[in-house]
Amino acid sequence: MALIRLGFGRQHLCLLKRRSSLLLKLTPVVFAVLLFCEFLIYYLVIFRCDWPEVKTPAHNSGQKTLKAMFLADTHLLGEVRGHWLDKLRREWQMERAFQTSLWLLQPEVVFILGDIFDEGKWSSSQAWADDVARFQKIFRHPRHVQLKVVAGNHDIGFHYQMSTYKIKRFEKVFNPERLFSWKGMNFVLVNSVAQEGDGCHICSEAEAELIEISHKLNCSREHFPLFRRSDANCSGEDAAPLEERAIPFKERYDVLSREASQQLLWWLRPRLILSGHTHSACEVLHGAGVPEISVPSFSWRNRNNPSFIMGSMTPTDYALAKCYLPYENTVLATYCVAAGLLVVLILVHSGLLPSPLLFGWNLLRKFKTT
């Protein structure tokens with residue numbers, strides 16, 4: 001009886017050693033994959049981005065160059081449509097991408113061009129407070145970095161949904177200033193949702209603000225794109241899918257109306273327009289050659305390849321470059337390869353599969369003897 005118990009004890013100890021050995025082999029693999037996919041990949045990808053150079057260097061003309069980042073459509077999920085796992089994943093991705101960009105690129109100002117939240121247009125007071133707290137955690141920034149935010153239709157609703165209460169709630173969190181000036185440059189943040197032109201109280205106030213500052217400005221930032229028929233002339237790897245580019249846009253829904261667009265161009269006379277809303281990239285020329293850049297969504301929920309715009313700006317010139325974030329396909333493929341490797345290690349350790357090294361050695365010996 002004692003011998004049987006002793007034999008059983010040795011077998012149990014041997015089994016524990018085998019399991020411990022397996023755990024020691026698997027842990028470094030799991031840790032390395034998580035470290036790469038959740039941290040290092042952001043540094044490796046964003047490290048390749050660099051600030052563009054303006055044609056006339058600022059130091060040669062006595063001007064100062066402003067480094068500005070432009071991103072759009074973060075769509076932080078709310079309590080109604082946001083599954084907790086989807087919310088956790090997307091917000092972690094955006095937080096790592098934003099914090100890595102701040103650390104590596106060190107911009108002086110960051111513009112977010114609308115649709116900060118996904119459910120701001122209908123969220124309760126408590127849900128709004130929760131969403132704002134998560135936004136402030138994800139997009140935290142040093143005091144010397146300015147953060148400027150434009151309202152989008154998902155933040156305050158479309159024209160027929162917006163109200164004074166929703167606008168005031170948004171402006172209580174985000175500075176409501178329309179004209180932002182720095183280093184000799186003027187930026188106007190336009191509430192595009194209020195550019196309906198139907199004489200509503202909110203629209204009239206918004207128009208009056210723009211008329212008041214129109215003679216001071218030389219740049220414009222907004223959420224809705226100016227009027228264009230479709231994305232048919234847009235190109236690039238982050239443009240809308242080919243099958244969607246020819247679909248006509250709805251005025252006052254996908255883009256501003258033709259009248260509102262012409263009005264803004266006349267009032268503001270911008271040298272550059274940047275907008276969000278469509279989730280895809282596009283470059284359009286308006287009027288006398290005024291360029292408009294549609295900035296793609298910053299959220300992996302909307303795109304497989306999010307990106308943002310980097311702008312080097314002086315009072316007389318500017319240069320833009322695009323910085324792509326990690327492809328989600330790359331992350332998923334890495335996890336799939338790692339999972340397959342773990343399965344192989346487990347099967348080899350269990351004796352259900354011969355060691356690949358031993359199998360290769362035996363195959364080589366067999367080849368030499370033939």
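A quick term before we start: a residue counts as buried when its relative accessible area is under 20%. With that in hand, show the whole protein chain of this predicted model. Buried residues account for 49% of its 370 residues. Switch to cartoon view and you'll be looking at 11 helices and 11 strands. Now try a surface: the chain exposes about 19800 Å², and 61% of that comes from carbon and sulfur atoms. Among contacts with a separation of 6 or more, 75% link residues 24 or more positions apart.

Next, head inside. Select Leu-71, Phe-135, Phe-139, Phe-298 and Phe-308: in the largest nonpolar core, which has 49 residues, these touch the most other members. Then colour helix 1, residues 2–46, which gives the most to this core, with eight residues. For another stop, pick Ala-72, Leu-274, Val-295 and Ile-309, which are included in a second, separate core of 18 residues.

Now zoom in on Phe-139.

Last stop: helix 9, residues 258–268. Which of its residues are buried? Select Ala-260, Ser-261, Leu-264, Leu-265, Trp-267 and Leu-268 to see them. As you look along the helix, keep in mind that an α-helix has 3.6 residues a turn, so residues three or four places apart point the same way. Finally, step to Arg-269, which follows helix 9 and has a positive phi, near 45°.

Key:
Residues are numbered from 1 along each chain as its sequence is written. This is a predicted model: local features need pLDDT of at least 70, side-chain atom pairs count only at pLDDT 80 or more; totals for chains, interfaces and linings use all residues. Side-chain values use heavy atoms; hydrogens and water are left out. Buried means under 20% relative accessible area, exposed over 50%, partly exposed in between (1.4 Å probe, protein chains only). Helices (H or I, at least four residues) and strands (E, at least two) are DSSP runs, numbered from the N terminus. A nonpolar core is a set of buried Ala, Val, Leu, Ile, Met, Phe, Trp, Tyr and Cys residues joined through side-chain atoms within 4.5 Å. Contact means heavy atoms within 4.5 Å. Accessible areas come from the Shrake-Rupley method with a 1.4 Å probe; for residues, only the protein chains shown count as cover.
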